[in-house]
Amino acid sequence: MDKIKRIVAMIAVVILAGLYGATLFFAITDNTATMRMFSLSVVATVIIPVFMYIYMLIYRRMKDDVSANSMDGSDSSDEK
């Protein structure tokens, strides 16, 4: 499990570094088309880490709920 987490973390770092590089490139170049790409890159630079944080919170919460249910000995599929 730790190996998978490290691989996913490295992929996220590469994606974010690429976004920062793209943002810098679009900011430096002077073209009408790059202004739109620059604004999209800035938005993606903010939105992607926020979504990753939300995903981690939800995953952690669901993982804790599952482990709490397994410790109680109760199974949610039995309750109808």
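Y55 is exposed, at a relative accessible area of 57%. Keep in mind that this is a predicted model.

User: Is Y55 buried or exposed?
Analyst: The cut-off for exposed is over 50% relative accessible area. Y55 comes in at 57%, so this residue counts as exposed.

User: And what about Y59, how does its relative accessibility class it?
Analyst: Y59 has a relative accessibility of 36%. Buried needs under 20% and exposed needs over 50%, with partly exposed in between. So Y59 is partly exposed.

User: Where do Y55 and Y59 both lie?
Analyst: These two tyrosines are four residues apart, which is about one turn of the helix. The helix that holds both Y55 and Y59 is α2.

User: What kind of aromatic pair do Y55 and Y59 form?
Analyst: The structure holds two aromatic pairs. In the one formed by Y55 and Y59, the rings sit 6.5 Å centre to centre, with 20° between the planes. Planes under 30 degrees apart count as stacked. So the Y55 and Y59 pair is stacked.

User: Which residues are the closest to the centre of the largest pocket?
Analyst: The largest pocket holds about 480 Å³ of space. It is lined by 14 residues, and those closest to its centre are K5, V8, Y55, M56 and Y59.

User: Which element gives the largest share of the lining of the largest pocket?
Analyst: Two elements give two or more residues to this lining, α1 (2-28) and α2. The largest share is seven residues, and it comes from α1.

User: Which residues is T45 in contact with, leaving aside its neighbours within four places in sequence?
Analyst: T45 is another residue of helix α2. It counts as buried because its relative accessibility is 15%. Its contacts beyond those neighbours are L19, Y20 and T23.

User: How far apart in space are I48 and L19, C-alpha to C-alpha?
Analyst: I48 is found in helix α2, and it is partly exposed at 30% relative accessible area. Setting aside residues up to four places away in sequence, I48 touches L16 and L19. I48 and L19 are 29 residues apart in sequence, while their C-alpha to C-alpha distance is 9.8 Å.

Note on methods:
Residues are numbered from 1 along each chain as its sequence is written. This is a predicted model: local features need pLDDT of at least 70, side-chain atom pairs count only at pLDDT 80 or more; totals for chains, interfaces and linings use all residues. Side-chain values use heavy atoms; hydrogens and water are left out. Rings of Phe, Tyr and Trp (its six-membered ring) pair if their centres lie within 6.5 Å; planes under 30 degrees apart count as stacked, over 60 as edge-to-face and the rest as tilted. Buried means under 20% relative accessible area, exposed over 50%, partly exposed in between (1.4 Å probe, protein chains only). On a 1 Å grid over the protein atoms alone, a cavity is a set of points where a 1.4 Å probe fits but cannot get out, and a pocket is an open set with protein on both sides within 12 Å along at least five of seven lines; lining residues have an atom within 4 Å of a point. Grid points are joined across faces, edges and corners, and a volume is the space filled by probe spheres set on the points. Contact means heavy atoms within 4.5 Å.
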